[in-house]
Amino acid sequence: MNIYGYVRVSSNDQNEERQMIALRETEVPAKNIFMDKRSGKDFDRPNYKKLVKS
């Protein structure tokens, strides 16, 4: 069974580290973590789309 994780922050000045730490603690492999720095106003999130295709 593969485990995947997704991290999103709204802007480049926000820090995604807390979310990354939580995923590492649940032993999500680094290669299976996808991250986007995009606004929540729309769903144009390239790495989320890659995750869904995985």
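Asp-44 and Lys-49 pair up in a salt bridge, with their closest N and O atoms 3.8 Å apart; the term asks for a side-chain nitrogen of Lys or Arg within 4 Å of a carboxyl oxygen of Asp or Glu. This is a predicted model, where local features need pLDDT of at least 70, side-chain atom pairs count only at pLDDT 80 or more, and totals for chains, interfaces and linings use all residues. Residues are numbered from 1 along each chain as its sequence is written, and side-chain values use heavy atoms, leaving out hydrogens and water.

Searching the whole structure turns up three salt bridges. Here they are:

| Pair | N to O distance |
|---|---|
| Asp-44 and Lys-49 | 3.8 Å |
| Arg-24 and Glu-17 | 3.2 Å |
| Lys-37 and Glu-16 | 3.2 Å |

Lys-37 belongs to strand 2, while Glu-16 sits in the loop between strand 1 (5–9) and helix 1 (17–25), so this pair ties together parts 21 residues apart in sequence. Helices (H or I, at least four residues) and strands (E, at least two) are DSSP runs, numbered from the N terminus.

How covered are these partners? Buried means under 20% relative accessible area, exposed over 50%, and partly exposed in between (1.4 Å probe, protein chains only). Glu-16 is buried at 16%, whereas Lys-37 is partly exposed at 32%. Arg-24 is partly exposed at 45%, and Glu-17 is partly exposed at 34%. Asp-44 comes out partly exposed at 40%, as does Lys-49 at 43%.

Setting aside residues up to four places away in sequence, Arg-45 touches Tyr-6, Arg-8, Asp-36, Arg-38, Ser-39 and Gly-40, a contact being heavy atoms within 4.5 Å.

Now for the overall picture. The protein has two helices and two strands, following a β-α-β-α pattern along the sequence. Its C-alpha trace spans about 30 × 25 × 15 Å along the principal axes. Of the 54 residues, 24% are buried.

The largest nonpolar core has five residues: Val-7, Met-20, Leu-23, Val-28 and Ile-33. Such a core is a set of buried Ala, Val, Leu, Ile, Met, Phe, Trp, Tyr and Cys residues joined through side-chain atoms within 4.5 Å. Leaving aside neighbours within four places in sequence, Leu-23 is in contact with Gly-5, Tyr-6, Val-7, Val-28 and Ile-33.
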